[in-house]
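Below is a short report on how the inside of one protein chain is packed. Look over the sequence and the model first.

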Amino acid sequence: MNMTETLIPSEAEIVQRAHDMIPMLRAQAADCEKNRMVSKEVIQAFKDAGFFKILQPKRWGGYEMNPNVLNKVLMELARGCPSSAWNVMVLGVHPFEVGLLPASVGDELWGEDNSKLVSSSYAPFGTVSKIEGGYKLNGEWLTSSGCDHAAGGAFVGGRVEENGELVFRSFWVQRSDFAIVDDWFVVGLAGTGSKKLIIKDVFVPDYRSHAIGAYDEHSHGGVENLYKMPFFYVFYAAVSSVIIGMARGMVDLYVEHMVPRQNLNQAVGAAVNDPFIKGKLGEAYAKIIGAASRVIQNTEEAWTFASKGQMVPLDIRVRHFATNQFTGGECFEAAHMIFKKTSTRGVWMNCPMQRQMRDILVGANHITQNQDNIGDLLGGHLLGNPLPQPNPFGAKPAATTQYQ
């Protein structure tokens with residue numbers, strides 16, 4: 001189904017829509033956590049705003065916008081409700097992945113309804129066997145965020161031996177091919193509804209799968225310019241953007257909390273005059289803005305290549321992919337820095353700052369924020385070490401370069 005007449009909003013318009021939702025999202029954040037999933041009404045509001053179309057191919061009614069549009073939307077939404085924004089991130093990135101697959105996949109998914117959403121569980125929890133014409137999948141795939149809203153099925157990850165190599169692949173599984181088990185009882189981001197998927201003896205044809213870490217002319221050659229961007233980079237940057245939004249939300253809540261507060265046992269009186277409160281807030285805000293600027297700048301630099309139909313060079317891919325992974329740690333440090341200055345008031349369950357803090361803690365634990373391992377890889381790359389194999393950059397063993 002070709003829908004080339006879609007009215008595409010400007011970047012400023014769609015980011016403003018996200019900003020305008022912050023009060024609504026904050027008001028329903030407690031219920032979202034209590035219900036352990038985002039409500040259908042909020043998901044519909046996101047659909048109406050066009051958030052899930054940002055990275056969707058135009059062929060099926062999408063916008064095919066610069067990935068930074070999604071990043072900026074996520075930075076706003078997470079200020080109001082981290083779990084709701086997390087659903088937009090996960091469900092909003094998968095249209096990009098569909099753009100990497102044969103058009104027949106998009107036709108099957110969106111031929112009758114181009115608003116169908118797809119969830120995911122990329123960690124290779126289950127087993128995959130190569131058989132004639134495709135793959136056989138079995139097992140349990142954990143933490144599929146937003147799966148209750150994903151009428152379009154899910155992408156699941158698996159490692160499978162092909163031609164003597166162990167390949168990490170992603171498989172599109174239709175909604176009728178898996179069951180959802182509600183096992184999502186967690187300390188933070190409880191509202192994401194990241195439940196378990198059960199898949200039993202499901203056949204996935206070859207064309208519904210791709211090597212998820214591949215990045216070359218074969219995997220990205222015959223696609224529109226947006227899909228010249230490396231998938232892993234787009235996904236990881238989106239996660240970083242949500243966490244930045246969570247930290248910005250902590251600043252919002254902290255400022256509202258401190259402005260009317262009086263320090264009864266200190267000479268400074270009003271909290272806004274306390275040099276330590278001012279100092280910690282300023283330092284925390286600088287960390288958060290620095291992380292946001294890095295993610296936006298990295299994406300923009302990659303976009304200068306992809307928007308011209310060019311592949312993003314390896315050195316740039318390594319630098320972007322690695323440096324974005326420090327976001328979670330930096331934002332957690334910033335949020336914790338000011339949370340400590342709330343004293344006892346911040347620990348009550350009816351205080352939104354403690355929920356925001358717990359959500360940031362869980363978000364920073366995501367595999368895309370693994371600053372320890374990625375720091376070693378980036379430092380080694382800067383020193384001229386070969387990239388490890390396998391690597392998430394689509395580079396072959398011989399493709400070792402000195403940082404420039």
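Predicted model: local features only at pLDDT ≥ 70, side-chain atom pairs only at ≥ 80, totals over all residues.

**Cores**

The largest nonpolar core holds 104 residues. Phe 46, Phe 51, Leu 77, Met 89, Phe 96 and Phe 231 touch the most other members. Helix 8, residues 231-258, gives the most to this core, with 19 residues. There is also a second, separate core of 15 residues, and Val 128, Cys 147, Val 173 and Leu 197 are among them.

What does Phe 51 contact beyond its neighbours within four places in sequence? Its partners are Ile 14, Arg 17, Ala 18, Met 21, Phe 46, Leu 70, Val 73, Leu 77 and Val 88.

**Aromatic pairs**

A pair of aromatic rings is described by the distance of the centres and the angle of the planes. A search of the whole structure finds 14 aromatic pairs. Two of them are set out here.

| Pair | Centre to centre | Angle between planes | Class |
|---|---|---|---|
| Tyr 122 and Phe 231 | 5.9 Å | 70° | edge-to-face |
| Phe 232 and Phe 321 | 6.5 Å | 55° | tilted |

Both pairs link distant parts of the chain. Tyr 122 sits in the loop between strand 1 (119-121) and strand 2 (127-131), while Phe 231 is in helix 8, 109 residues apart. Phe 232 is in helix 8 too, and its partner Phe 321 is in helix 10 (residues 314-324), 89 residues apart.

Phe 232 has a relative accessible area of 13%, so it is buried. Phe 321 has 5% relative accessibility and therefore counts as buried. The cut-off is under 20%.

Ring pairs also build a cluster. Its members are Phe 96, Tyr 122, Tyr 227, Phe 231, Phe 232, Phe 235, Tyr 236, Phe 321 and Phe 393.

**Strand 7**

Strand 7 spans residues 195-205 and is mostly covered, with 8 of its 11 residues buried. Strand 3 (residues 134-144) pairs with strand 7 in the antiparallel sense over 8 bridges. Gly 139 has Ile 199 of strand 7 as its bridge partner. Strand 6 (residues 179-181) also runs antiparallel to strand 7, joined by 3 bridges. Here Ala 179 is bridged to Ile 198 in strand 7.

Gln 28 is found in helix 2, residues 22-35. Why does Gln 28 count as buried? Because its relative accessible area is 14%, and the cut-off is under 20%. Not counting residues up to four places away in sequence, Gln 28 touches Val 42, Cys 81 and Ser 84.

Thr 342 lies in the loop between helix 11 (327-339) and helix 12 (352-364). With 0% relative accessibility, Thr 342 counts as buried. Its side chain reaches the backbone oxygen of Phe 339 at 2.6 Å. Leaving aside neighbours within four places in sequence, Thr 342 is in contact with Tyr 254, His 257, Met 258, Arg 261 and Met 353.

Methods. Residues numbered from 1 in each chain as written. Heavy atoms only, no water. Core = buried A, V, L, I, M, F, W, Y, C linked by side-chain atoms within 4.5 Å. Buried < 20%, exposed > 50% of the residue type's maximum accessible area, 1.4 Å probe, protein only. Helix = DSSP H or I, 4+ residues; strand = E, 2+ residues; numbered from the N terminus. Contact = heavy atoms within 4.5 Å. Pairing = 2+ DSSP bridges. Phe/Tyr/Trp six-rings, centres within 6.5 Å; stacked < 30°, edge-to-face > 60°. Polar contact = N/O pair within 3.5 Å; in protein donor to acceptor, adjacent residues only side chain to side chain.
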